[in-house]
Amino acid sequence: MTEPFDPRTHQASPGELAGRIIAVTGASSGLGRAVALACARYGATVVLIGRSEKKLEAVHAEIAAAGGPEAAIGVLDLERAVARDYDQLADALAGRYWRLDGLVHNAGLLGTLSPIEHYDVPTWCRVLHVNLTAAFALTQVLLPALKKSADAAVLFTASSVGRRGRAYWGAYAVAKFGLEGLSQILADELEGTSAIRVNTLNPGRARTAMRRQAYPAEDVETVPLPETLTGPYVALLGPASRGVTGRAFDAQPGLPAGAATRAASSAGSSSRE
Ligand code: NDP
């Protein structure tokens, strides 16, 4: 019997993502920036999507300085974008590259940590919109380009609070539960009819602005840097994961690889996000 695919143990070759065009949302900072830089390092042409052109330009320059393939920038504020903005991004991408081989939904908003009883309704709507609805809308508009790829991957960024409910995580956790559902539905719809695989990846604790907001008293030195967590992203975007779809993965040790949602959730602990 062959072992189930585990993106944590895959060793990428230097040209693992060569020739692939991969879009990353929230590529301006934190995990998204680290994933974008890693994709470029492994040879991908990266489409940097974010709300701040200035921050995206800085990542673009980092990729160029490291000798990576020239990246593209797509400015899209996921809170404010309307259908026309999504269409413009998809048209620009199709005009420049014709196809898309990878789409990493990484952008996210924490909102507030608060009991459901007192959760602020406008914040609820905003967090659900940026973290869930925008990922749906962007996937939908980019599906034609993904279908043109011979081996495409869609990756949604998960969280352990979106696999097992935990007090006070409110809209953020509900949106992450929603992404797990969206991923499963899309994987089921595309399996057998396209070369697109769809999975979720929980990065686990990462030293970013969002983590600091969620755990302000935590010793940051104990939290892994985003740069150390990019291997599983590369594995799930590259040829190693071809045919692997509809699964929920973790980037850090402690959980079974590609566990079903219930199995993955039972291993959560209070310090995991
Ligand atoms: P950061 O806060 O560092 O990064 C969030 C990213 O989302 C930034 O690039 C930010 O852009 C972008 N973003 C926020 N709002 C919008 C918007 N309206 N339009 C476009 N982009 C937007 O957080 P992380 O890097 O930690 O989070 C990345 C992902 O990882 C998220 O999905 C998060 O839920 C998930 N995650 C993180 C964990 C952790 O411990 N850090 C643990 C589990 C999951 P800008 O730079 O302009 O602010």
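# Ligand site and pockets

In this predicted model, an oxygen atom of the ligand lies 2.9 Å from an N or O atom in the side chain of Lys55. Taken alone, the ligand exposes 900 Å², and the protein buries 95% of that. The space that the ligand takes is the largest pocket. A second largest pocket, with a volume of about 210 Å³, is also described below.

**Contacts of the ligand**

- The side chain of Ser28 has an N or O atom 2.7 Å from an oxygen atom of the ligand.
- For Arg51, the distance from a side-chain N or O atom to an oxygen atom of the ligand is 2.7 Å.
- Ser28 and Arg51 are also among the residues that come nearest to the ligand, along with Asn106, Tyr172 and Thr208.

**The shell around the ligand**

- There are 29 residues around the ligand.
- Sorted by class, eleven residues of this shell are nonpolar, ten are polar and eight are charged.
- Three helices, α1 (30-41), α5 (170-190) and α6 (209-214), each supply at least two residues of the shell.
- The helix that gives the most to the shell is α6, with three residues.

**The largest pocket**

- The volume of the largest pocket, where the ligand sits, is about 760 Å³.
- Elements that give two or more residues to the lining of the largest pocket are the helices α1, α5 and α6 and the strand β2 (45-50).
- With four residues, α6 has the largest share of this lining.
- The lining of the largest pocket is made up of 39 residues, and those nearest the centre of the pocket are Asn106, Ala107, Gly108, Leu109 and Met210.
- By class, 14 residues of the lining are nonpolar, 17 are polar and eight are charged.

**The second largest pocket**

- The second largest pocket is lined by 13 residues.
- Ile73, Gly74, Gln88, Leu89 and Ala92 are the lining residues nearest the centre of this pocket.
- Strand β3 (72-75) and helix α3 (83-97) each supply at least two residues of the lining.
- Helix α3 gives the most to the lining of the second largest pocket, with seven residues.
- Nine residues of this lining are nonpolar, two are polar and two are charged.

Key:
Residues are numbered from 1 along each chain as its sequence is written. This is a predicted model: local features need pLDDT of at least 70, side-chain atom pairs count only at pLDDT 80 or more; totals for chains, interfaces and linings use all residues. Side-chain values use heavy atoms; hydrogens and water are left out. A residue is near a molecule or strand if one of its heavy atoms lies within 4 Å of it. A polar contact is a pair of N or O atoms within 3.5 Å; within protein, one must be able to donate a hydrogen and the other to accept it, and residues adjacent in sequence count only if both atoms are side-chain atoms. Accessible areas come from the Shrake-Rupley method with a 1.4 Å probe; for residues, only the protein chains shown count as cover. On a 1 Å grid over the protein atoms alone, a cavity is a set of points where a 1.4 Å probe fits but cannot get out, and a pocket is an open set with protein on both sides within 12 Å along at least five of seven lines; lining residues have an atom within 4 Å of a point. A molecule sits in a cavity or pocket if more than half of its atoms lie within 2 Å of its grid points. Ala, Val, Leu, Ile, Met, Phe, Trp, Tyr, Cys and Pro count as nonpolar, Asp, Glu, Lys and Arg as charged, and the others, Gly among them, as polar. Grid points are joined across faces, edges and corners, and a volume is the space filled by probe spheres set on the points.
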